[in-house]
Amino acid sequence: MADSRITAEQITGCVLAGGRGARMGGVDKGLQRFQGLPLALHALQRLAPQVGPLLINANRNAAAYAALGQPLAAEVCADSLPDYPGPLAGFMAGLAHCRTPWLLCVPCDTPLLPLDLATRMLASRGDADIVIAHGWDTEHVKPGQPPQLRAQPVFCLLRAQLASSLERFITGGGRKIDAWTGQHPSSQALFDRPGDEQAFSNANTLAQLLDLEQIATERQS
Ligand SMILES: Nc1nc2c(ncn2[C@@H]2O[C@H](COP(=O)(O)OP(=O)(O)OP(=O)(O)O)[C@@H](O)[C@H]2O)c(=O)[nH]1
Ligand SMILES: [Mg+2]
């Protein structure tokens, strides 16, 4: 049932661009081009109409992210812990800078992310404090088998009040997303409709980035 109590303005959108980009040769992935735009800006532009304030979580090239985010008034925030502790550190930075009751995180490297992500996450919320997207896994398909639906945990809607719980978990050494989300009431948002096939296909390598660019170009033509 759709949750009519939460409006777009009550959700801060956070583009996660704080990773190492190891499988892309250690580049700052959010600044890599997709159809002529930095990936982080592409993600921001898809997220912006769905939410209120915007954040970019990045650990390198802060000035470049500030410049690309400026037209959308997106604020840049870095991890508070060094050495790339993983995506939960991005959630933590986002929650620390979030001034609205909800935070919606998306990774920078998934350029076909749903344009109706926020609505569908809210529609599946029920009374949960965390909503985790579930969608087709296009990366680990077994030969002769169809793609499987699986959790896409970096696509996550979080109640902002969870900030102190996450800080405790991370400072206690926790790194696994599901180990933390499992401590709170959560729900699943399924993205398994026609048209959702590539919604969570992500560019971990340069070849995957080029493939996704090709898919996007074919869709537009
Ligand atoms: N803030 C923050 N975000 C991270 C960290 N590690 C990964 N992420 C983000 O989590 C999302 C999914 O991570 P990956 O697809 O593995 O991206 P990545 O870590 O840059 O790439 P690899 O180093 O190749 O694994 C991306 O949006 C990353 O930016 C981290 O240590 N800190
Ligand atoms: Mg990825």
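A: One may begin with the contributing elements, bearing in mind that this is a predicted model. Helix H3 gives the largest share of the shell around ligand 1, namely 3 residues.

Q: Which residues come nearest to ligand 1?
A: The shell comprises 23 residues, and those that come nearest are Gly 18, Gly 19, Ala 22, Gly 90 and Pro 107. Two or more shell residues are given by strand E1 (11-17) and by helix H3 (87-97).

Q: How many residues of each class are in the shell around ligand 1?
A: The shell holds 10 nonpolar, 8 polar and 5 charged residues.

Q: With which strands does E1 pair, and in which sense, parallel or antiparallel?
A: E1 pairs with strand E6 (residues 102-107) in the parallel sense over 6 bridges. Within this pairing, Ile 11 stands opposite Trp 102. The pairing of E1 with strand E4 (residues 54-58) is also parallel and has 5 bridges; here Cys 14 stands opposite Leu 55.

Q: What does the UniProt record place on this chain?
A: An unreviewed UniProt entry annotates residues 13-178 as "domain: MobA-like NTP transferase". In the model, the end C-alpha atoms of that span lie 21 Å apart, and the span is 28% helix and 26% strand. The unreviewed entry also places the feature "binding site" at Leu 16, Ala 17, Gly 18, Lys 29, Asn 57, Asp 79 and Asp 109.

Q: Is Asp 79 buried or exposed, and why?
A: The cut-off for a buried residue is 20 or more other C-beta atoms within 10 Å of its own. Asp 79 has 20 such atoms and therefore counts as buried. Asp 79 lies in the loop between strand E5 (75-77) and H3. Beyond four places in sequence, Asp 79 touches Gly 18, Asn 59, Pro 85, Ala 89, Gly 90 and Ala 93.

Q: Where does Asp 109 lie, and which residues does Asp 109 contact?
A: Asp 109 is in the loop between E6 and helix H4 (117-123). Asp 109 counts as buried because 28 C-beta neighbours lie inside 10 Å. Leaving aside neighbours within four places in sequence, the contacts of Asp 109 are Lys 29, Leu 39, Asn 202, Ala 203 and Asn 204.

Definitions and conventions: Residues numbered from 1 in each chain as written. Chains lettered and ligands numbered in written order. Predicted model: local features only at pLDDT ≥ 70, side-chain atom pairs only at ≥ 80, totals over all residues. Near = placed C-beta within 6 Å. Helix = DSSP H or I, 4+ residues; strand = E, 2+ residues; numbered from the N terminus. Nonpolar A, V, L, I, M, F, W, Y, C, P; charged D, E, K, R; others polar. UniProt positions renumbered as here; feature names shortened; annotations may be inferred. Pairing = 2+ DSSP bridges. Buried ≥ 20, exposed ≤ 12 C-beta atoms within 10 Å, placed from the backbone. Contact = placed C-beta atoms within 7 Å.
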